[in-house]
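Thanks for coming. I will go through one model this morning, starting with the terms and then moving from the sheet to the helices and the loops.

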Amino acid sequence: MVFSTVDWDNGKNNVFKDIQAQQHKFMLSLVDTRTEQIVLCVTSADGERQQKFIAWTAILSKCDYFKTLFSAAWNDKALEDNKKDKEYKIEDVEPHLFRHVLTFLYSGHLVDVDLNDLTELIILADRFLLPQLGRLCIEAIKYNMNEQTSLEWLKRTRNPCAEEVLEIA
């Protein structure tokens, strides 16, 4: 199942109006901002999947995680080497999930997200200090919650209580 904010945010949800207003204001501020492009090399936890993304530092810096990463106060030797190449390594993240993080940073929306990825995106939202992304994922889960999706999530969970619930269902 695929989810897009366009399908369900009919202007009724104030959380999304606030995010959209902040996004619009930020994008307008970029007109006068000098920024540079960098490469983010994203590698999955098992190391088998890797993808490079090109992004603008001004967009990424909306996120406290990246703002700290790019700050002059950060003096790690490996990071200094990365700065020279303008390539930063992000490990233990599935590249297709990181694409959703970037899409959110650029647009303020979740676009074409598989429902099965929403829980992983909540974890990434926490890792990359993006509470609005986490809230948006939770709202998407709530919107799409029905008997079938509930059972699918219960099947995937590792909680021992889930097995009992599935037996009842």
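Contact here means heavy atoms within 4.5 Å. Helices (H or I, at least four residues) and strands (E, at least two) are DSSP runs, numbered from the N terminus. Axes are lines fitted to C-alpha atoms, for helices over the stretch in contact, and angles run from 0 to 180 degrees between N-to-C directions.

With those in place: helix α5, residues 95-107, lies across β2, β3 and β4 and runs at about 10° to β3.

Two sentences on provenance. This is a predicted model, where local features need pLDDT of at least 70 and side-chain atom pairs count only at pLDDT 80 or more, while totals for chains, interfaces and linings use all residues. Residues are numbered from 1 along each chain as its sequence is written, and side-chain values use heavy atoms, with hydrogens and water left out.

Now the overall count. The chain has 9 helices and 5 strands. Read from the N terminus, the order of elements is β-α-β-β-α-α-α-β-α-β-α-α-α-α. Of the 169 residues, 36% count as buried; buried is under 20% relative accessible area, exposed is over 50%, and partly exposed is in between, with a 1.4 Å probe and protein chains only. Taking contacts between residues at least 6 apart in sequence, 61% join residues at least 24 apart.

Next, the sheet. Two strands pair if DSSP finds at least two bridges between them. The sheet is open, with 3 strands in the order β3-β2-β4 and mixed pairing. Its edge strands, β3 (50-56) and β4 (87-91), each pair on one side only. On average, neighbouring strands are turned by 25° against each other, direction ignored.

Strand β2, residues 37-43, is joined to β3 by 7 bridges, and these two run antiparallel. On the other pairing, β2 and β4 are parallel over 5 bridges. V42 can be followed both ways: its bridge partner in β3 is Q51, and in β4 V42 stands opposite I90. L40 has F53 as its bridge partner in β3. The hairpin of β2 and β3 has 6 residues between the strands, and G47 there takes a positive phi near 80°.

In a regular strand the side chains alternate between the two faces of the sheet. For β4, the covered face holds Y88 and I90, and the uncovered face holds E87, K89 and E91.

On to the core. A nonpolar core is a set of buried Ala, Val, Leu, Ile, Met, Phe, Trp, Tyr and Cys residues joined through side-chain atoms within 4.5 Å. The largest one has 34 residues, and L40, L60, F66, F98 and F128 have the most contacts inside it. Elements giving two or more residues to this core are β2, β3, α2 (57-60), α3 (64-70), β4, α5, α6 (118-127) and α7 (131-144). The biggest share comes from α5, with 6 residues.

Which residues does L60 touch, leaving aside its neighbours within four places in sequence? They are I38, L40, A55, F66, K67, F70, L102 and L105.

Now the helix pair. Two packed helices are described by the angle between their axes and the distance between the axes. For α5 and α6, the axes come within 10 Å and cross at roughly 65°. The contact uses L97, F98, H100 and V101 from α5, and E120, L121 and L124 from α6. By class, that is 5 nonpolar, 1 polar and 1 charged; Ala, Val, Leu, Ile, Met, Phe, Trp, Tyr, Cys and Pro count as nonpolar, Asp, Glu, Lys and Arg as charged, and the others, Gly among them, as polar.

Also in helix α6 is A125. A125 counts as buried because its relative accessibility is 3%. Leaving aside neighbours within four places in sequence, A125 is in contact with L130, L133 and G134. A125 and L136 are 11 residues apart in sequence and 9.9 Å apart in space, C-alpha to C-alpha.

Last, the loops. Most residues other than glycine have a negative phi. D92, not a glycine, has a positive phi of about 65°. D92 sits in the loop between β4 and α5, and counts as exposed because its relative accessibility is 52%. D112, also a residue other than glycine, has a positive phi near 50°. D112 is in the loop between α5 and β5 (113-114), and at 51% relative accessibility D112 counts as exposed.
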